[in-house]
Amino acid sequence: MNKLILGRYLPGDSIIYRLDPRGKFLITFYFIGIVFLANNVASYGFLLLFVLFAVYISKINLGFFIKGLRPMLWLILFTVLLQLFFTPSENPLWHWGIFTLSTDGMRIAAYIFIRFVLIIFISTLLTLTTTPIEISDSIESILKPLKVIKFPVTQVALMLSIALRFVPLLIDETTKIMDAQRARGVDFGEGGIMQRIKSFVPILIPLFVSSFSIAYDLAIAMESRGYKDGEGRSKYRVLSWSKRDYMALVVMLLITIILLFIRSY
Amino acid sequence: MEIIFKNVTHSYEANSPLEGLGLDDVSLTIHDKKFTAIVGKTGSGKSTLVRHINALLKPTSGTILVGDREITPETNNKNLKPLRKNVGMVFQFPESQLFEDTVEKDIMFGPMNFGMSEADAKKSAHKMIELVGLGKEYLDKSPFDLSGGQMRRVAIAGVLASEPETIILDEPTAGLDPVGRKEIMDLFKNLQEQGRTIILITHNMDDVANYAEEMVVIHDAKVKAVGKPKDIFNDRSLLTDDILTLPRSAVFAQRLAKKNFSFPQLPITISELTTEIKRQVHGD
């Protein structure tokens with residue numbers, strides 16, 4: 001259960017931690033966008049250097065980022081192999097049936113691989129250094145302009161933060177129920193596929209029952225403390241945009257310019 | 001079955017910044033057919049300790065002997081059924097483990113996983129539902145239609161139905177009313193007298209004083225004291241360090257001691273207390 005590094009916050013302190021979550025959130029998506037501008041060895045190398053530098057100043061062990069690749073491993077392998085063997089080419093090194101191996105294919109496969117690494121590292125950097133609640137706060141803040149078209153921003157943000165709050169709760173609950181059923185002789189991951197699917201019924205039913213009851217309790221608790229629609233509520237966690245956040249934006253701008261330069265070079 | 005912990009250490013999330021010690025070099029023997037209480041503050045490592053006995057958790061280092069079965073860091077997840085059949089575990093708020101559409105099926109779930117035939121499991125369910133103080137008329141009901149206290153009893157019946165030799169109870173009476181609490185505790189005491197080993201995690205010192213023969217105090221992932229409840233409740237070093245609280249009778253005796261009574265040994269149960277008061281008032 002704890003293996004999902006993607007989407008897990010790691011307590012710590014460094015300049016990356018101190019950046020405003022809104023800025024980090026936008027920069028992450030912006031960066032994922034400009035990754036697709038890279039088109040040659042130099043530009044991919046430049047972006048890779050930048051990401052490694054960001055990892056370095058975050059003061060988080062590189063191992064955590066490499067672990068972040070693991071859940072995506074099959075997708076990465078599949079895509080890379082697809083590029084490697086199915087890139088059409090004028091002068092293939094090797095050819096068999098529908099498979100073609102060429103230097104072009106290898107190059108593209110390597111690019112795809114680096115692209116995956118870049119995207120996963122940068123988003124892992126966001127989730128490792130930003131608490132889920134900060135992320136939901138920044139989504140609320142970013143969506144605010146949509147209020148003009150009557151989009152229920154505060155409700156959506158509330159739903160989001162409740163959903164995020166439920167994740168660790170449900171993981172705990174699942175672990176607890178699995179332990180209880182294991183103690184009653186259930187072996188998870190044993191036997192044929194039907195057997196395995198069946199062994200999840202004793203987890204899913206109690207999990208549904210308890211999540212409904214937790215949700216019900218939460219609603220009662222919120223009502224009894226007088227929660228009303230978010231309109232005009234003040235904030236407990238106030239996000240503050242500071243000089244270093246402007247700096248981060250400037251850095252992103254510079255990177256874009258350099259990238260465009262290398263790209264056409 | 002005797003249960004022996006040898007230098008058991010358990011760390012959560014080993015090799016990460018979130019690493020935490022659940023158990024720190026614990027060596028401990030839990031005697032066969034005894035009623036052992038495990039006490040300690042929230043987060044002290046009580047639940048971590050007992051989860052090693054049926055290999056829900058495995059030690060980071062050290063070994064646990066359960067009868068002749070050995071659990072080490074290398075123990076794999078296969079073939080644990082015989083162990084888990086022999087070590088029944090009632091979790092905190094066990095009612096959350098119910099899932100079948102009838103009470104009977106839910107009680108039969110454990111025994112049938114452990115290879116009992118359907119007929120035997122049914123027989124066991126009928127016996128256990130009476131044992132936990134619900135009638136046979138409950139067998140056909142849905143467990144989700146019962147009250148909280150009744151669900152608790154059904155869940156306990158579901159654990160007992162596999163006829164484990166050792167029964168681990170993690171705060172089995174939390175949230176029950178006083179009458180229900182006494183019934184459930186008496187049930188476990190009876191089971192022990194019929195030859196089972198009972199391990200009880202609790203915050204209720206009166207339950208410890210009234211039911212347990214042995215007592216283990218856990219503090220900060222370490223075993224702080226092991227012994228008879230009477231001796232441990234009289235150990236001043238544990239009380240001054242705020243590791244342990246006293247049963248009500250002992251607290252009462254402490255107050256009496258300020259008013260011309262004297263207790264060389266603090267009484268820990270109500271009957272001990274009353275005998276001692278009678279003796280001192282009548283002066284014999």
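The legends below describe close-up views of a predicted model.

Residues are numbered from 1 along each chain as its sequence is written, while chains are lettered from A and ligands numbered from 1 in the order in which they are written. Local features need pLDDT of at least 70, side-chain atom pairs count only at pLDDT 80 or more, and totals for chains, interfaces and linings use all residues; side-chain values use heavy atoms, with hydrogens and water left out.

**View 1. Helix H6 of chain B, residues 178-193.** Helices (H or I, at least four residues) and strands (E, at least two) are DSSP runs, numbered from the N terminus. H6(B) has 16 residues and spans 22 Å from its first C-alpha to its last, close to the 22 Å expected at 1.5 Å a residue; the expected span is 1.5 Å times one less than the number of residues. Just after H6(B), Gly195(B) has a positive phi of about 105°.

**View 2. The buried residues of H6(B) and what covers them.** Buried means under 20% relative accessible area, exposed over 50%, and partly exposed in between (1.4 Å probe, protein chains only). Among the buried residues of H6(B) are Ile184(B), Leu187(B), Phe188(B) and Leu191(B). An α-helix has 3.6 residues a turn, so residues three or four places apart point the same way. The cover, counted by contact (heavy atoms within 4.5 Å), includes strands E3 (35-39), E7 (166-170) and E8 (197-201) and helices H4 (118-131), H5 (148-160) and H7 (205-211) of chain B.

**View 3. Gly189(A) in a loop of chain A.** The loop runs between helix H8 (153-183) and helix H9 (193-198). Gly189(A) counts as partly exposed because its relative accessibility is 45%. Its C-alpha is separated by 36 Å from that of Gly12(A), 177 residues away along the chain.

**View 4. The interface of chain A and chain B.** Here 22 residues of chain A are in contact with 25 residues of chain B. The two chains bury about 2,000 Å² between them, 60% of it on carbon and sulfur atoms; buried area is the accessible area (1.4 Å probe) that two parts lose on being put together, summed over both. Lys176(A), Ala183(A) and Arg184(A) supply 32% of the area that chain A buries against chain B, more than any other three residues.

**View 5. A salt bridge between Arg51(B) and Asp179(A).** The side chains meet at 3.5 Å, N to O.

How values were computed
Salt bridge = Lys/Arg side-chain N within 4 Å of Asp/Glu carboxyl O.
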